[in-house]
Amino acid sequence: MEASTALLIIDMMNTLDFDGGEDLLENALPAAEDLQSFKQKMKEQGMPVIYVNDNFGLWQDNTSDIIDVCRKSPGEPLVELTAPDEDDFFIIKPKHSGFFGTQLEILLNQLGVSRLILSGVAGDICVLFTANDAYMREYELWVPSNLSASESRGDNDNAMKIIRRSLGAETAPTSEKTLEDVFPVDKRP
């Protein structure tokens, strides 16, 4: 499989059972609805979808066990909107960045990915840290502001400003930009 762009979905399988979880859920549901339709469009174009998710201390469990735990938690509405399909990849991460202590970079190399679209929660923590690590690895980035959420809109807006200013990434929402706008097709002879 050879793909130059991949969609990363960060921590959308989430228990949200922490202080601020209710606020995050409120802000994440609109992002999840946008993500659901965006993901489908990207899959129709043959783009790989990679979930990069916390393990919630479930080191001996598999993907379906983690999703089941999240389904039986305050995060259930988010899980129902954004659950992975059978052909999606699922990587478990131990910390904030999707690259730290995971096989994400190996998978991206095997898929031939050089451009990433990042989405998920929380925009001001895990999405930001993953974007930073992707930037340091020289991936081209699009972090659509409507596909991520934080506990407050202000926190998410601040994260998007950092991603745009410090990482040079596009953060326009999917309603304003298309994949082709952000990552133009190479027009070599």
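Predicted model: local features only at pLDDT ≥ 70, side-chain atom pairs only at ≥ 80, totals over all residues.
Colleague: Let's begin with the overall picture. What makes the radius of gyration of the protein agree with a compact globule?

Modeller: With 189 residues, a compact globule would come out near 16 Å, and the protein has 15 Å, so the two agree. Along its principal axes, the C-alpha trace spans about 55 × 35 × 30 Å. Of the 189 residues, 49% count as buried.

Colleague: And how is the chain built up, in terms of helices and strands?

Modeller: There are seven helices and six strands. From the N terminus the order is β-α-β-α-α-β-α-β-α-β-β-α-α. As for contacts between residues at least 6 apart in sequence, 80% of them join residues at least 24 apart.

Colleague: On to the charged pairs. Why is the pair of Lys 93 and Asp 11 called a salt bridge?

Modeller: The cut-off is 4 Å between a side-chain nitrogen of Lys or Arg and a carboxyl oxygen of Asp or Glu. The closest N and O atoms of Lys 93 and Asp 11 are 3.0 Å apart, so the pair qualifies. A search of the whole structure finds nine salt bridges.

Colleague: What makes the bridge between Lys 93 and Asp 11 a tie between parts apart in sequence?

Modeller: Lys 93 lies in strand 3, residues 89-93, while Asp 11 is in the loop between strand 1 (5-10) and helix 1 (21-44), so the pair ties together parts that are 82 residues apart in sequence.

Colleague: Are Lys 93 and Asp 11 buried or exposed, and how do you know?

Modeller: Buried means under 20% relative accessible area. Lys 93 has 0% and Asp 11 has 2%, so each counts as buried.

Colleague: Which residues are linked in a network of salt bridges?

Modeller: The network links Lys 39, Lys 43, Asp 85, Asp 87 and Asp 88. Within it, the side chains of Asp 88 and Lys 39 meet at 2.8 Å, N to O. Asp 88 sits in the loop between helix 3 (76-82) and strand 3, and Lys 39 in helix 1, 49 residues apart. Lys 43 and Asp 87 also form a salt bridge, at 2.6 Å. That pair joins helix 1, where Lys 43 lies, to the loop between helix 3 and strand 3, where Asp 87 lies, 44 residues apart.

Colleague: Why is Lys 43 called buried and Asp 87 exposed?

Modeller: Lys 43 has a relative accessible area of 18%, which is under 20%, so it is buried. Asp 87 has 55%, which is over 50%, so Asp 87 is exposed. For the other pair, Asp 88 at 11% and Lys 39 at 7% both count as buried.

Colleague: Helix 1 keeps coming up. How do you know that its span is close to the expected one?

Modeller: Helix 1 has 24 residues and reaches 32 Å from its first C-alpha to its last, close to the 34 Å expected at 1.5 Å a residue. There is also a bend of about 35° at Ala 28, and Pro 30 follows within four residues. After the helix comes Gly 46, with a positive phi near 85°.

Notes: Residues numbered from 1 in each chain as written. Heavy atoms only, no water. Helix = DSSP H or I, 4+ residues; strand = E, 2+ residues; numbered from the N terminus. Buried < 20%, exposed > 50% of the residue type's maximum accessible area, 1.4 Å probe, protein only. Expected span 1.5 Å × (residues − 1). Bend = angle between axes of the 7 residues up to and from the residue. Rg over C-alpha atoms; globule rule 2.2 N^0.38 Å. Contact = heavy atoms within 4.5 Å.
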